[in-house]
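Here's a quick briefing to read alongside the model. Keep the sequence and the 3D view open as you go.

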Amino acid sequence: MRSVMKSMFLPFLLISLFATTKAAAGAALCADVDAALQTCDTIFKTGNLNDPSFDGCCAGLNKIATISATIGAKAACQCVHAALGIAANPTSVAVGISAQVPEKCGINLGFSIDATVGC
């Protein structure tokens with residue numbers, strides 16, 4: 001009976017450890033997403049694609065594309081939407097503009113930054 005319990009405990013322990021580590025890594029990467037979006041803040045709020053910070057925003061979105069490749073598009077999308085406050089306030093970004101920014105930068109995030117499109 002004890003050997004059965006031991007053989008069941010180890011896989012459970014490993015799965016729990018993996019899930020905890022992945023969640024912690026995801027949280028850390030969401031902080032990176034938040035930091036990368038700082039340069040896009042004015043553009044997303046005003047809708048001004050000619051803002052002087054546009055190149056910096058593209059660099060930030062490029063970092064997010066790399067993070068998306070690590071944690072997956074859905075998780076990265078959730079980080080972006082949380083960072084921009086889209087879930088709490090869909091009007092926190094300029095409607096229609098936010099989805100155009102990655103395209104204008106030539107970056108495919110694998111998801112849309114759009115208040116009308118969920119993750």
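Predicted model: local features only at pLDDT ≥ 70, side-chain atom pairs only at ≥ 80, totals over all residues.

Residues are numbered from 1 along each chain as its sequence is written, and side-chain values use heavy atoms, with hydrogens and water left out. The protein chain comes to five helices and zero strands, where helices (H or I, at least four residues) and strands (E, at least two) are DSSP runs numbered from the N terminus.

**Overall layout**

- Reading along the sequence, you get the pattern α-α-α-α-α.
- Of the 119 residues in the protein chain, 32% are buried, and buried here means under 20% relative accessible area, with exposed being over 50% and partly exposed in between (1.4 Å probe, protein chains only).
- Take the contacts (heavy atoms within 4.5 Å) between residues at least 6 apart in sequence: 73% of them join residues at least 24 apart.

**The nonpolar core**

- A nonpolar core is a set of buried Ala, Val, Leu, Ile, Met, Phe, Trp, Tyr and Cys residues joined through side-chain atoms within 4.5 Å.
- The largest one has 29 residues, and L37, L61, I64, V101 and I113 have the most contacts inside it.
- Two or more residues come from each of α1 (2-37), α2 (41-46), α3 (54-71), α4 (73-84) and α5 (97-105).
- Helix α3 gives the largest share of this core, at six residues.
- As background, nonpolar side chains tend to be buried together in soluble globular proteins.
- Leaving aside residues up to four places away in sequence, L61 touches L37, C40, V101, P102, C105, I107, L109 and I113.

**Helix α3 up close**

- With 18 residues, α3 reaches 25 Å from its first C-alpha to its last, close to the 26 Å expected at 1.5 Å a residue; the expected span is 1.5 Å times one less than the number of residues.
- Its buried residues are F54, C57, C58, G60, L61, I64, I67 and S68.
- S68 lies in this helix and counts as buried because its relative accessibility is 8%.
- Beyond residues up to four places away in sequence, S68 touches A73, A76, L109 and F111.

**How α3 meets α5**

- What is the angle at which α3 and α5 pack? It is about 90°, with their axes 10 Å apart.
- The axes are lines fitted to C-alpha atoms, for helices over the stretch in contact, and angles run from 0 to 180 degrees between N-to-C directions.
- That makes α3 and α5 roughly perpendicular to each other, given that angles of 65 to 115 degrees count as roughly perpendicular, under 35 as roughly parallel, over 145 as roughly antiparallel and the rest as oblique.
- On the α3 side, F54, C57, C58 and L61 make the contact, and on the α5 side V101, P102, K104 and C105 do.

**Disulfides**

- How many disulfides does a search of the whole structure find? There are four, a disulfide being a pair of cysteine sulfur atoms within 2.5 Å.
- Counting bonded cysteines along the chain, the pattern is 1-6, 2-3, 4-7, 5-8.
- C30 and C79 form one of them, with sulfur atoms 1.7 Å apart.
- C30 is partly exposed at 29%, whereas C79 is buried at 5%.
- C40 and C57 also pair up, their sulfur atoms 2.0 Å apart.
- In this pair, C40 sits in the loop between α1 and α2 and C57 in helix α3, 17 residues apart.
- The S-S torsion of C40 and C57 is about 105°, so the bond is right-handed.
- C40 is buried at 0% relative accessibility, and C57 is buried at 0% too.
- C77 and C119 form another disulfide, with sulfur atoms 2.1 Å apart.
- C77 lies in helix α4 and C119 in the segment after α5, so this pair ties together parts 42 residues apart in sequence.
- With a torsion of about -80°, the C77 and C119 disulfide is left-handed.
- C77 is buried at 0% relative accessibility, while C119 is partly exposed at 42%.
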